Amino acid sequence: MSVTAAGPASGHDEDESVVIRAATAGQAAPGDPGPTPTGPCGPGSKPETGLQGRVPPEDHASGRAAQGYTCNTETIGRAGVKGGFRVERYVDESGRECAYYDTTILFPTNALFPSGTPTGTDVLDMTDPTKPALTATLLTPAMQSPHESVSINQKRGLLAAVLGTVASAPGMLDIYDVSQDCRNPTLLSSLPVGILGHEGNFAPDGLTYYASALDGGELTAIDVSNPLAPVPLWTERYVAHGMSISDDGTRAYLATRSGLVILDTTQIQERVVNPTVPVVSRLDWYPMTTPQVGIPVTIGGKPYVVEVDEFGKDSDDDGLEDLVGAARIIDIGDEAKPRVISDLRLDVHTRANRAAISGDENFADYRGFQGYAGHYCSVPQRKEPGVVACTFIESGLRLFDIRDPYNPKEIAYHNEPRETTYPNDDVPTTYAMSTIAFVPERSELWYADGNSGFIAVRVTNGVWPFASSAPTPPAAVAPRGDELPPTGGSPAAMAGAALLVAAVLYRRTTAARTVQRVF
C-alpha cells in the first residue's frame, strides 16, 4: 500500500488525516507487541506485587501501595509539592549544579488548589542532591504556563519556554541566561514570537528554538542567535506535538497525530530566507495513541529514534480504554523508510490485560489524563545512550536497557503513589509525566510528579551506569510489517502573519545588537 502526500495547497493537517485513514481503513490490526522483559530487582527493592506497572486495589486497601514500588532505585531528595512536564539539569561556568522544573501541569487548574507555593518554573540548587534548595521561581508569562516546553541548551547556557496549555496558547517565548549563575537565571527577553505554544525544544547548537502548538496547528522555528531579540524564521501548519532536532540541525523529528514525520530543516539551519522544509518520510505503527516526542540516538554507530506515545484510547467505543501506545525504537538507517524494530511496554499496557485491570483506581477511566499509559521518555546522551528512562504516569518512572535495540529490557523502576490529584480522589496516586534528567556520575535520575513535586532518585545495585554502553549484537528479528510506507511532500511557504512579526522584530534587532552580550 502506498500513501501520497498532499501538495502544499492542501495543508498538512488535512494531509495527516489522509495518512491516518490509510493506516486504518480495511486493515486487520497487527498483534499486540506484548511487555518488555524485566531484569532482577536487587537488595533494598520493594517490587511490584502483580502485573508489571500495576498498582492493584488490594495494595491500596492493605497499605502496601503507600510504601511505593521500587526496583533497583531509592529516593534521595525531594522538593516542592507538585510537578509538571519537564525537568532539566545544568552545570554553570563555576561548577554550580542546578535543576529546573515546571510546576503547572494543567494551568490554571492546579493553581486553584492551595499548595503553599506559587505557580511557575522552579530553580533548584543541587549542590547536595539529598537536599535540593529552591533558589528562584520564574514567573514570566511562559514560565508560568510552559506546558511541555521548558528547555535548556547546554552549549549556550540558555533556558527557554513558550507559553502553552493542554490545547495551545499565544506563543510568548521567555529566554533566560543560566551560564553565569544557574541558581539565579537572568531574563533576556519575553516576546510573542512563538505564534502558538504547547511544546518546544532547542536545536542542539542553541541558535534555533522550535515551538509547536499541537491542536493549534502551528510549528514555528525561531532564530534565538540573539536571545535579546528572537525572530521567527518559518512557520507551517503541522498538528505537531513534541519534536527533536538532529545534532547538525538539518532534520526535525516530529511526533504528530498521525505518527513520526521527518522534516528536512537544512534551509532553516542555513538561514535561507523563506525556507523550504520538505517531508523526508512518515511512519505509522500499531498500537498508536497520541505520539508525544521522538529522540534521535545512535546505538552501535547506527541511527535510531526513540519515540513515546501518551495516554490511551478506547478503540471500539465500548467504554474501555483498551489501546495504549507506550514507546518504541525506530530504525532510521534508511530515513526514507523508517521502521519500528522493538517496543518499550509494560504488562499493564497489553491489550489483553486492560479489561482485567479496568477497576483499578489507577486506571485511566478513573483518572482522566492519568492511567497506566506513557508520557515522556529521555536519554542521558544521544550517542550510545545505553538506557532510556520513561515516565509511564500511574506506573511511575521506568528505566530500560537499550544497548541491543532489538531486545530492550527493563532494569529499574520507581513508583510512589503518595498524594491525591483532586480533593475528591479516594486514594493516593502517582502522576509521573515529566522528562528525566540524568546524572550518570552519581547514578541519579531526576524527574517530577504532578502529585508530589521534584524527586531525585539513585539507581542502585550497579544496574546503571554500565561499564560500557557498547551494544550487544542484536538477535535476528523478523520484520514487524505494521509500518506505513514513507511519503514525501513540501510544506507551504511561511505564513504572512509570521512574516509581519518577523519584519517588526528585525527592526528591533538592529538596536538590540548594540547591547548584546556574547553567548
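Arg 78 and Glu 416 join their side chains in a salt bridge, 2.1 Å from N to O. A salt bridge here is a side-chain nitrogen of Lys or Arg within 4 Å of a carboxyl oxygen of Asp or Glu. The two partners sit 338 residues apart: Arg 78 belongs to strand E2 (residues 73–79), while Glu 416 is in the loop between strand E30 (409–415) and strand E31 (437–439). Strands (E, at least two residues) are DSSP runs, numbered from the N terminus.

Before going on, note that this is a predicted model: local features need pLDDT of at least 70, side-chain atom pairs count only at pLDDT 80 or more, and totals for chains, interfaces and linings use all residues. Residues are numbered from 1 along each chain as its sequence is written, and side-chain values use heavy atoms, with hydrogens and water left out.

For accessibility, buried means under 20% relative accessible area, exposed over 50%, and partly exposed in between (1.4 Å probe, protein chains only). On that scale Arg 78 is partly exposed at 28%, whereas Glu 416 is buried at 12%.

A search of the whole structure turns up 24 salt bridges. Asp 181 takes part in one with Arg 96 and in another with Arg 183, as the table shows.

| Salt bridge | N to O distance |
|---|---|
| Arg 78 and Glu 416 | 2.1 Å |
| Arg 96 and Asp 181 | 3.5 Å |
| Arg 183 and Asp 181 | 2.9 Å |

Asp 181 is buried, at 18% relative accessibility, while Arg 96 (24%) is partly exposed and Arg 183 (25%) is partly exposed too. There's also a network of salt bridges linking Arg 89, Glu 97, Glu 441, Arg 442 and Glu 444.

## Rings

The whole-structure search finds five aromatic pairs. Rings of Phe, Tyr and Trp (its six-membered ring) pair if their centres lie within 6.5 Å; planes under 30 degrees apart count as stacked, over 60 as edge-to-face and the rest as tilted. Tyr 101 and Phe 454 make a tilted pair, with 5.6 Å between centres and 40 degrees between planes. Tyr 101 is in strand E4 (residues 97–102) and Phe 454 in strand E33 (residues 453–459), 353 residues apart. Both ends are tucked away: Tyr 101 is buried at 1%, and Phe 454 is buried at 0%. Ring pairs also bring in Trp 446, forming a cluster with Tyr 101 and Phe 454.

One charge sits on a ring as well: Arg 403 lies over the face of Phe 466, 3.6 Å from the ring centre. The test is NZ of Lys or CZ of Arg within 6 Å of the ring centre and within 35 degrees of the ring normal.

## The core

Which residues touch the most other members of the largest nonpolar core? Val 388, Phe 400 and Ile 402 do, out of 40 residues. Such a core is a set of buried Ala, Val, Leu, Ile, Met, Phe, Trp, Tyr and Cys residues joined through side-chain atoms within 4.5 Å. Among the elements giving two or more residues to this core are strand E21 (290–299) and strand E28 (387–393). Phe 400 is buried at 0% relative accessibility.

Terms used:
Helices (H or I, at least four residues) and strands (E, at least two) are DSSP runs, numbered from the N terminus.
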